[in-house]
Amino acid sequence: MKIKICTSDKLNAREWNSYRNSFNTVFETKKDLNYFKHKYIKSIEGYSYHAILLNKNSDVVGACSVIPMLYRKNENIIKIGQAVDVFILKNFRKDPLTLSKMYSNLKDLLIVKGIIAVMAVPNSTVYPYWINI
């Protein structure tokens, strides 16, 4: 397993398709590629940040995505990230620290890009990770 850290504008066609397929499997939805491209590319920076979990065949089997946003804090505008669409395919959840590793690797890029805080609204499965991360 490999964790690829990238921005959405650097994902290739195979990764986009694999991401979509895995996301739809985990969340039992039928989102199309345009849904993801619009969501991740139409941000304040023209891309979003991703920790992509790849199996030995380079298929996307998990992801932790952060969309950059502007937020007003009193009189100041700051850049924060909204963590979204966090998933790992069931067959790849053997290591309980996988999500933590994904986020830790992604955090370095977020800091470089000026993201000063990350906001997440986790589901019950991932809640224990987010309160500890």
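The radius of gyration is taken here over C-alpha atoms, and the globule rule sets it at 2.2 Å times the number of residues to the power 0.38. For the 133 residues of this predicted model, a compact globule would come out near 14 Å, and the protein chain agrees with that expectation because its own value is 14 Å. Along the principal axes, the C-alpha atoms fill a box of roughly 45 × 30 × 25 Å.

Among contacts between residues at least 6 apart in sequence, 64% join residues at least 24 apart. Of the 133 residues, 41% count as buried. The chain exposes about 7,900 Å², of which carbon and sulfur atoms supply 52%.

Two residues give a closer look at the interior and the surface. Thr 7 belongs to strand 1, which spans residues 2–7. Its relative accessible area is 10%, so Thr 7 is classed as buried, the cut-off being under 20%. The side chain of Thr 7 makes a polar contact of 2.4 Å with that of Asp 9. Leaving aside residues up to four places away in sequence, Thr 7 touches Tyr 47, Ser 48, Tyr 49, His 50 and Leu 109.

Ile 44, by comparison, sits in the loop that links helix 2 (33–41) to strand 2 (49–54). With a relative accessible area of 45%, Ile 44 is partly exposed. Together with Leu 70 and Ile 77, Ile 44 forms a nonpolar patch on the surface, and the three residues have about 290 Å² of accessible area together.

Definitions and conventions: Residues numbered from 1 in each chain as written. Predicted model: local features only at pLDDT ≥ 70, side-chain atom pairs only at ≥ 80, totals over all residues. Heavy atoms only, no water. Patch = residues over 30% accessible without salt bridge, like charges linked within 9 Å, V, L, I, M, F, W, Y side chains within 5 Å. Areas by Shrake-Rupley, 256 points an atom, 1.4 Å probe, with all protein chains shown as cover. Salt bridge = Lys/Arg side-chain N within 4 Å of Asp/Glu carboxyl O. Helix = DSSP H or I, 4+ residues; strand = E, 2+ residues; numbered from the N terminus. Buried < 20%, exposed > 50% of the residue type's maximum accessible area, 1.4 Å probe, protein only. Polar contact = N/O pair within 3.5 Å; in protein donor to acceptor, adjacent residues only side chain to side chain. Contact = heavy atoms within 4.5 Å.
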